Amino acid sequence: MSINTEAVPFSGFTQEDFDVFTIPGLEARMEALIARVRPKLHMLGDRLAPFLSMQCGEEMFAHVAKHARRTINPPKDTWVAFANNKRGYKAHPHFQIGMFDTHLFIQFAIIYEAVNKGTFAAHALGKLDEIRALVPEQYVWSGDHTIPDAAPHSSMQEEELTSLIKRLQTVKASEILCGIHIKRDDPLAADGEALIAKAEETFETLMPLYRMAF
């Protein structure tokens, strides 16, 4: 008998979940990540894919990071990504929920493999005022999904945002990410149902950016 995951309350993330990323060694960290964190990412995928499918007007598929290519260095973060492609997400504009040892992130992402980078850049450069108005000031921007740091939208000057977007047209390894960070000790991180509601709110806010990629 299959379990209806929508009826199972999401428990949120504990301090022990974040501490997984402090465990030394690839094998030990992956073992803990698979046991502790990955089931929660799968549950988030099951809960949020239908919401995003409705918002996007097409089926969105959840992809939980496997870190399969790693042979030496243990992962510093992990995530579940949502894209309109069943086989993968890296080549497509997508949404993510994930975590470093310091915080959760909920964001829209175009990473280095995306084929829509030029399309997004062309549309976004023509709508800079709209972007600056629609993104809440507490949101953050990043040009590299592998690092935890990001720049607050409230302090992002127009020329900085323009430069970040233009890089998508000229630099092969360029990326752009926009969303929110939730610190590990924020009560929201441990309140599963409130966290899902915040993810839905964030994805809805970022939907205009996603649509600019097509």
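Q: How far is the sulfur of Cys178 from the closest cysteine sulfur, and which residue holds that closest sulfur?

A: Happy to start there. A disulfide is a covalent bond between the sulfur atoms of two cysteines. In this predicted model, the sulfur of Cys178 lies 16 Å from the closest cysteine sulfur, that of Cys56, which is too far for a bond. A pair must come within 2.5 Å to count, and the number of disulfides is zero.

Q: Is Cys56 buried or exposed, and what about Cys178?

A: Cys56 is buried, at 10% relative accessible area. Cys178 is buried too, with 0% relative accessibility.

Q: Now for charged side chains: how many salt bridges does the whole structure hold?

A: A salt bridge pairs a side-chain nitrogen of Lys or Arg with a carboxyl oxygen of Asp or Glu. Searching the whole structure gives five. One of them joins Arg36 to Asp17, at 3.1 Å from N to O. Arg36 sits in helix 2 and Asp17 in helix 1, so this contact ties together parts 19 residues apart in sequence. Asp17 is buried at 0%, while Arg36 is partly exposed at 36%. Asp17 and Arg36 also belong to a salt-bridge network with Lys40.

Q: Which parts of the chain does the bridge between Arg184 and Asp19 link?

A: Arg184 and Asp19 meet at 2.8 Å, N to O. Their pairing links distant parts of the chain: the loop between strand 7 and helix 6 holds Arg184, and helix 1 holds Asp19, 165 residues apart.

Q: What separates Glu201 and Lys198 along helix 7?

A: About one helical turn, because they are three residues apart in that helix. The closest N and O atoms of Glu201 and Lys198 are 3.1 Å apart. Glu201 is partly exposed at 41%, and Lys198 is partly exposed at 25%.

Key
Residues are numbered from 1 along each chain as its sequence is written. This is a predicted model: local features need pLDDT of at least 70, side-chain atom pairs count only at pLDDT 80 or more; totals for chains, interfaces and linings use all residues. Side-chain values use heavy atoms; hydrogens and water are left out. Buried means under 20% relative accessible area, exposed over 50%, partly exposed in between (1.4 Å probe, protein chains only). A salt bridge is a side-chain nitrogen of Lys or Arg within 4 Å of a carboxyl oxygen of Asp or Glu. Helices (H or I, at least four residues) and strands (E, at least two) are DSSP runs, numbered from the N terminus.
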